[in-house]
Each structure stands twice: as structure tokens, then as C-alpha cells.
Amino acid sequence: MENYKVTFSTIGDFENLRTIIVNYLILPVVSLVMFLLIIYDTGQDFRRVLIGSLATTAIITMVGIITGSYCYDQNVGTSEEIISIKPKFSQYWLPKIMIASVAAALELLVLALIALTSMGMLAYAGKLTSAFLIMIVFASLLAYICALAGDQKENPYWLTNIATASLVLVAGVIIPVSQYPTWLRVVAEVFPVSDLLDWILAGSYFNQALAVTLFKLGFWFILVGGMRLYHNWYVRNR
């Protein structure tokens, strides 16, 4: 429990209630309304925009919290020491993931109740809840890569900023990935978010979209393993 208290203290967004309300409620609601207004009266599927906005918001929240906590460790000079002693996953990374998951879950719950109820889409609540487990896994993997990529860099958030800013794009929230230019479609297909949205909006629970999503998660596990090996080598030889 002590690890969780220490980790919680490293997250600046939790310093006061006003910051929490602004960052995790007001700004996401404004973003959601903005996306819906973009497609208003265009004939596009507003369901994908709404569900996609909820999903990407939860993922972005988790990535921000995990990388922010790691950057705090770096700023106070403890990240290298932590890496050198190689703490157990349950002692270092798990508290960050659990705190980020709880924050994202509460945010998603509030936003989903508002959005799904107002748009008459409560039927998607069950699959969105199931999909949140996949969001946790993907967000954790993405945050791990972003955190290590920023280690000891002048701007430790460089990859975090790129990943979170482009997540809506690669997820095909507004425009389906299939309509992207070839180069952008190749980049977007690396991410499992678009397939996850396809699965949430599909009628069945077990379909090709779910299989593709899980396959891509496997690829991200391999990517994280490679990133960890490279970072350990980099730290030893720095």
C-alpha cells in the first residue's frame, strides 16, 4: 500500500479538486461535444465518433498519468536508481497502472453516463465496459514506451505528446481508417484502437475485429519487450 501512496503523490493532476474537474470532466466533455458538432448533419455515423471519443479519452488519461508519474521520478533523480535495482513490476509499474486505471474508469463512467444516456445509446454500455479492459492493456503498453522514450531527454513528454495528440486520428474516430491515404493507413493499422471501436459497434461479441485487436496487442507486447531491452542497454552504457 505504501507504493500506491508514494505513486499517488507523484501525480500533479490530483493536487486539488479544481484541477481534477477541469482535466477529467470539463475538457473531455468539451472535446466530445466538439467532435459531435464536426459531424453534425454530415451523414456520418455519430455512434463511432461518440464511442471513439470516450475510448480515446480513457486511453489518453491513462497514458498521461503513467508517464507523468515516471517523469516525476526522473525529475527528482530516482528513475535511474529504480531501473538499476530492477524493482518488481508489482512494486513500481503496477501502482502507476492501477491508479491510472481507476482514474480513467471513473472518468469514463461519468462521461459514458452523460453521453450514452443523452444519445440513447445505453445498449453499448456493456461492450464499452468490456472494451475498457483492452484499453487498460494498450494504454499501459503505450505509456511504458512513451515513458522510456522520454527518459533523460530535454523534453521527456515528446513521444507522449505525439501519441496522445494523434490517437484520435489513428483510431479513425471521425474518418474511417480505410479512407486514409496509404501511408497514414499503414501507421494507423499498427494501433488496435480502430479495431476495438469496430468491435464495440459490431453486433456480436466474438468477431474478426476482436481477433485483430488481440493480435495487435500481442505485437505491442513484443514492441514493449524490445523497448525494455534497449533501454536497459542504454542505461548501462550511458
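The model is predicted.

**Stop 1: R48 and D198**

Select R48 and D198. Their side chains form a salt bridge, with the closest N and O atoms 2.7 Å apart. Now color by helix. R48 sits in helix 3 (residues 46-75), while D198 belongs to helix 9 (residues 193-201). The two residues are 150 residues apart, so the pair links distant parts of the chain. R48 is buried, because its relative accessible area of 12% falls under the 20% cut-off. D198 is partly exposed, at 35%.

**Stop 2: K216 and E189**

Move to K216 and show E189 with it. These side chains meet in a salt bridge at 2.9 Å, N to O. K216 is in helix 10 (residues 208-237) and E189 is in helix 8 (residues 182-190). This pair also links distant parts of the chain, 27 residues apart. Which of the two is buried, and which is partly exposed? K216 counts as buried, at 10% relative accessibility. E189 is partly exposed, with a relative accessible area of 37%.

**Stop 3: K216 and D195**

K216 lies in helix 10 and D195 in helix 9, so the pair ties together parts 21 residues apart in sequence. D195 is buried, with a relative accessible area of 10%.

**Stop 4: the network**

Select E189, D195 and K216 together. Salt bridges link these residues in a network. For the whole model, the count comes to four salt bridges.

How values were computed
Residues are numbered from 1 along each chain as its sequence is written. This is a predicted model: local features need pLDDT of at least 70, side-chain atom pairs count only at pLDDT 80 or more; totals for chains, interfaces and linings use all residues. Side-chain values use heavy atoms; hydrogens and water are left out. Helices (H or I, at least four residues) and strands (E, at least two) are DSSP runs, numbered from the N terminus. Buried means under 20% relative accessible area, exposed over 50%, partly exposed in between (1.4 Å probe, protein chains only).
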